[in-house]
Amino acid sequence: MSHLRIIKLVLPVIISGLLLTSCFKDVDFGQSEDISLEPDLEVDLLFYQLNETDFLDSETNAFTPVIRDTVRLEFLDDDYIQDGLMYAALRFKHENKFPYEINSNIKFLRENGRGEFNVAYTIPPGSEFSSAVVDTTHILEGNNIVNLRRSIQMVVELEIVGANQSLQGELEFMSKGLFRFEF
Amino acid sequence: MQRILLVLIFFVTIICNGQNRPLLYNVDDLPQSLLQNPGARIDFTRHVGIPFFSQIHLSAGSTGVTAYDIFADDGSDVNQRVRNVMRDITAGDYFSVNEQLEILSVGWKMGDRGYFSTGIYQELDVFAYFPKDPAVLAFEGNANYIGQDFDFSDANFTGEVLTVYHAGFNFKVDAKLSVGGRLKLYSGIFNVESTDNEGVFRTIETPGGPNFYRHEVSGLNVTVNTSGYASLKNEEGMTVDQAAAELMSRSLFGQNGGVGVDLGFNYRVTNQFSVNASVQDLGLMFHQKDVENYNYFGSFQTNGLEPLFPELDNNEATIPYWDIFEDRVDLSLQDETTNNAYTTWRPLKYNASFEFGTGKSILPCDYLISKKPRFMNLFGMLISGVNRPKGPTYGVTAYWDRKVNDHLRFRLAYAVDEFSITKLGFMMSSRFKNFNIYLAANDIIGYTNLAKANSASLQLGMQFIFKDL
């Protein structure tokens, strides 16, 4: 009978006590403010594959040593870039089969056309059977990241050196960005 | 025989895990057992619930993570803890919240062998699988997951608020068998569901391709169905309080209806040993009013933008590559909002148990009493489950049910489910004359520190129960 009394009295008291005193211990929910999203996004940027016809005028067939094009990268103006972009590694790779040096200048411009930064290098001459490769990465971090945040146009400019109307070859370009965010 | 039974129990306990709510099941002197199994054996002749207080049920759980896992106050980096959780948690882990509030509950004996019960309750049920792949993509990005798929089917959730009107009949076929059924009319207040989603996002390396990678969204087909939401959304400037008040105003007669049944039986194999089973909420909800469906579908792939070096005059604008790219995206990956009616299954629940009684009670010495003696100790095992979008969740509970006397009864339970393998439960039901009050709590250990608990559930209520002999 004494066991029964223990069960009748003590157990409900213990259980009720547990329920009434239950709480969240050993945690600090204030840390929720410190939680940040830090995604690293690998994103393709521009690519092109050029041959000799791209350096010749389509109407006169005249040799054009310098060609350029501009691509707007509207995503650079989005809020998540403006607010959260902390680091960027821009990788540019050229493979040259033209037997001439090519000067590449990749420029990032503001909306008004003012330059923010550029990546310029010379691509050595290649051959039909062997490409000359330039593979470079441009890092933007710290204070420099604002240069990318302010940019919205990417200009790719090529100058082929010492060639003439009878040039032959190919030039391939690949580019990508590793964008590191912190939200 | 006992050894075989023990082995069977152990085996079943190991292979099954899941979600259950067993503490009121088979409690023959609580009307709430009829909501679990309309064919349950009962030990009362009338009941009247205290409106809004005859059953308050709350349960919440998370299979893959606890509050402590994220917010532990141990000086370590909270973002590292989040990353650890993201690594360990799977797309099969889930979060669930269930709430039931009994508004009305009455019942009375009909004839010698029947018992009619009816009532109204309001229910909220939210069930969401952890959207692992979309969460990893948002939290970590794609850089470390080149070549791997991010699967949109991981986005899988349901949520509903409804009022249930029900009427059930329990019938004692003979001394061994009792059966029962309950008809339910559902009145939907709010519903959202997004299941059976499809599609992947991937970034793959393309050696020999035009660029370093190819980004693909393949076979995207994501739908979010809602009912009872569009009218709230369209109310400009509505505050959360106003939205809650609007939902409350719909609580008795919602805009969308449904119908379902509960079925169950109890069979006494011997005087001491009985088996029983039930299904609850075998029913459908028809969402026809205030419906809005959000659909996202299509496929798209890109290697980036390709400048064409056009021959331009000095003042001529270049090709709008970005606009063309956006147009391609918009054409390939579309979203549309429709108002198509849809139908949802209610989460079907099923229970099966056996029970063994020992220690016969002593009845008053009165020749008018035709009742059979009850057993003071009941040992039982219950397997219960709930149908969810990715398959049923199971739980197994073993319990000792002790009728201390005619006024006090308690149950101790041990359960294994997907939340915990050490789930201790306690139920106590007490009667003062005809007034009954009960309290049941599952995962008692978790209550000592809810931050480390994967789940917690609580049922309590009060009512008048009459046992006219």
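**Strand S2 of chain B and its neighbours**

Analyst: Strand S2 (residues 56-62) of chain B is joined to strand S3 (residues 94-110) of chain B by 7 bridges, and the two run antiparallel. Strands here are DSSP runs of E of at least two residues, helices are runs of H or I of at least four residues, and both are numbered from the N terminus. Two strands are said to pair if DSSP finds at least two bridges between them. Within this pairing, His57(B) has Gln100(B) in S3(B) as its bridge partner.

The model is predicted: local features need pLDDT of at least 70, side-chain atom pairs count only at pLDDT 80 or more, and totals for chains, interfaces and linings use all residues. Residues are numbered from 1 along each chain as its sequence is written, while chains are lettered from A and ligands numbered from 1 in the order in which they are written.

S2(B) also has 6 bridges to strand S21 (residues 455-466) of chain B, again with the strands running antiparallel. Here Ile56(B) has Leu460(B) in S21(B) as its bridge partner.

As for the chain around this strand, chain B comprises 9 helices and 21 strands. Its C-alpha atoms fill a box of roughly 115 × 50 × 40 Å along the principal axes. Among contacts in chain B with a separation of 6 or more, 68% are between residues 24 or more positions apart; a contact requires C-beta atoms, placed from the backbone, to lie within 7 Å.

Terms used
Contact = placed C-beta atoms within 7 Å.
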